[in-house]
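Dear colleague,

Please find below the structure that I am handing over to you, with its sequence. A summary of the findings follows it.

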Amino acid sequence: MNFFVGEHYSLGLDFTKSSSVRENLPIISTASELAAFLCISPNQLRWLCFHKRLTTVDHYYRFILTSNSGKKRLIATPKPLMKRCQTRLNEHLLSAASVHEKACAYVSGKSIKDAALPHCNKDIVLRFDIANFFHNVSFSHVKAIFRNLGYNEGVATLLSLLCTTPHVRKRHWDLQDYYFCSIERHLPQGAPTSPTLSNCAMKTTDSILAKIAAKAGGEYTRYADDIFISLPDKSKVGYCISGVRHALDLSGFKLNHRKFRVMSRSRRQLVVGLTVNNRANITRSYRRRFRAFLHQCEKYCVYNYAAEYIRGVLSHVHSVNPYHENKYKQDFPWIEHLPKTSWGCLPKYEPKSIGVAADGGIVAWSTVHKRVVSLESGAPHSKPRTIVRDPQLRKAILRKYQRQVELLA
């Protein structure tokens, strides 16, 4: 069948050769077979893969996510039909793709502890950060991955179009949204296929960087966009820095120089948030912040409303050092009786500020009454002595007083 997906990418739709795929992978040689594998029609497949410079359709929800440190990330999560296709590809096709043994992120059975353990008790630890990691994994990177799996040129092109997205600028004109798309495509940060594909795209680079570290007598691991090399002394630091920069340049990636660190034994050595000066361990500041959070949850009786977050942190602490988890459970016995899911749900309206008054009551600003009111009684109250700034504690309080908060709007 004739299959057209736009002027630029239709040139790669060559289905003349049959696909010689690896064992246990689905055999797909034509666009019709790919559509049948994805449980959609050929027209739906063309609609999902079609690339235009100007369109009124976007298959992704795009938004800016701001981290606690203030860093902004562009997130592109696929819409239902695209997400269903990508999830099927991830489960039945990309699961057979091999990644380098030193890649520790997005790999089943591996955690941040696996990324940190090789660097314990080393004199020097180097940290590199890849700038715009997912956005620098290009269409050609992704197509090469599917070609290596054994799929022909046409099928590899369609699979790559399903797993990548162009840079998009949205404009509203004459009651209609228009999307201006670039020719170049990259991995969307937020798609289910992107983590595995990013590891596959870095496989050759991982091999080069592992050899550089081994030649310098050190260890190498990578966790997503963070590269770590530990050395027994500082004599090979310059060799490793230049080697990493050159290897990434060859692969089409760039370093984020603002996040580059050289950590000696005399200071705290951090690898994916764990200290590795002697052994992999949770940082003291992290443990203290979480203990303070548990104390506040106990003080305001909101721990059942933050159960999922507490269980998640305890699971992380247990995976690194079970001693600290047992210590938390000894000091806060109610942890053993937490529900599996958090009580309550977040209100549609969120007050401008939530605080604690001098008498210990929870208060919030009411836009209706234009004054501070108590969340417990709804009566006017004095100004708060302290403001609740911890986002997780704030969410727990909002869940507990959901009905009262919605009355403030």
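Helices (H or I, at least four residues) and strands (E, at least two) are DSSP runs, numbered from the N terminus. Two strands are said to pair if DSSP finds at least two bridges between them. The model is predicted, so that local features need pLDDT of at least 70 and side-chain atom pairs count only at pLDDT 80 or more, whereas totals for chains, interfaces and linings use all residues. Residues are numbered from 1 along each chain as its sequence is written, and side-chain values use heavy atoms, with hydrogens and water left out.

Strands and hairpins

In the hairpin of S5 and S6, two residues lie between the strands, and Asp174 takes a positive phi near 55°. Strand S5 covers residues 165-173 and strand S6 residues 176-186; the two run antiparallel and are joined by eight bridges.

Strand S7 (residues 219-223) runs antiparallel to strand S8 (residues 226-231), and five bridges join them. Here Tyr223 stands opposite Asp226 in S8.

Another open sheet consists of four strands in the order S15-S14-S13-S16, again with antiparallel pairing. Strand S15 (371-374) and strand S16 (386-387) are the edge strands, each pairing on one side only. Four bridges connect S14 (residues 362-366) with S15 in the antiparallel sense, and Ala364 stands opposite Val373 in S15.

Helix packing

Two packed helices are described by the angle between their axes and the distance between the axes. The axes are lines fitted to C-alpha atoms, for helices over the stretch in contact, and angles run from 0 to 180 degrees between N-to-C directions. Angles under 35 degrees count as roughly parallel, over 145 as roughly antiparallel, 65 to 115 as roughly perpendicular and the rest as oblique. A crossing is left-handed if the near helix is turned anticlockwise from the far one by less than a right angle, and right-handed if clockwise.

Helix H5 (residues 139-148) packs against helix H6 (residues 153-163) at an angle of about 130°, and their axes are 8 Å apart. H5 is therefore oblique to H6. Their crossing is right-handed. The contact (heavy atoms within 4.5 Å) involves Phe139, Val142, Lys143, Phe146 and Arg147 of H5, together with Glu153, Ala156, Thr157, Leu159, Ser160, Leu161 and Cys163 of H6. By class, the residues of this contact are seven nonpolar, two polar and three charged; Ala, Val, Leu, Ile, Met, Phe, Trp, Tyr, Cys and Pro count as nonpolar, Asp, Glu, Lys and Arg as charged, and the others, Gly among them, as polar.

For helix H8 (residues 203-215) and helix H9 (residues 237-251), the axes come within 10 Å and cross at roughly 170°. H8 is therefore roughly antiparallel to H9. The crossing of H8 and H9 is right-handed. On the H8 side, Thr205, Ile208, Leu209, Ile212 and Lys215 meet Tyr239, Cys240, Gly243, Val244, Ala247, Leu248 and Ser251 of H9. This contact of H8 with H9 has eight nonpolar, three polar and one charged residues.

Helix H10 (residues 284-299) and helix H12 (residues 322-331) pack with their axes 12 Å apart, at an angle of about 25°. H10 and H12 are therefore roughly parallel to each other. The crossing of H10 and H12 is right-handed. Arg287, Phe290, Arg291 and Leu294 in H10 meet His324, Lys327, Tyr328 and Asp331 in H12. The contact of H10 with H12 comprises three nonpolar, one polar and four charged residues.

Aromatic pairs

The structure holds 13 aromatic pairs. Rings of Phe, Tyr and Trp (its six-membered ring) pair if their centres lie within 6.5 Å; planes under 30 degrees apart count as stacked, over 60 as edge-to-face and the rest as tilted. The rings of Phe4 and Phe50 have centres 5.8 Å apart and planes at 65°, so this pair is edge-to-face. The pair links distant parts of the chain, 46 residues apart: Phe4 is in the segment before helix H1 (31-37), and Phe50 is in the loop between helix H2 (42-49) and S1.

With kind regards
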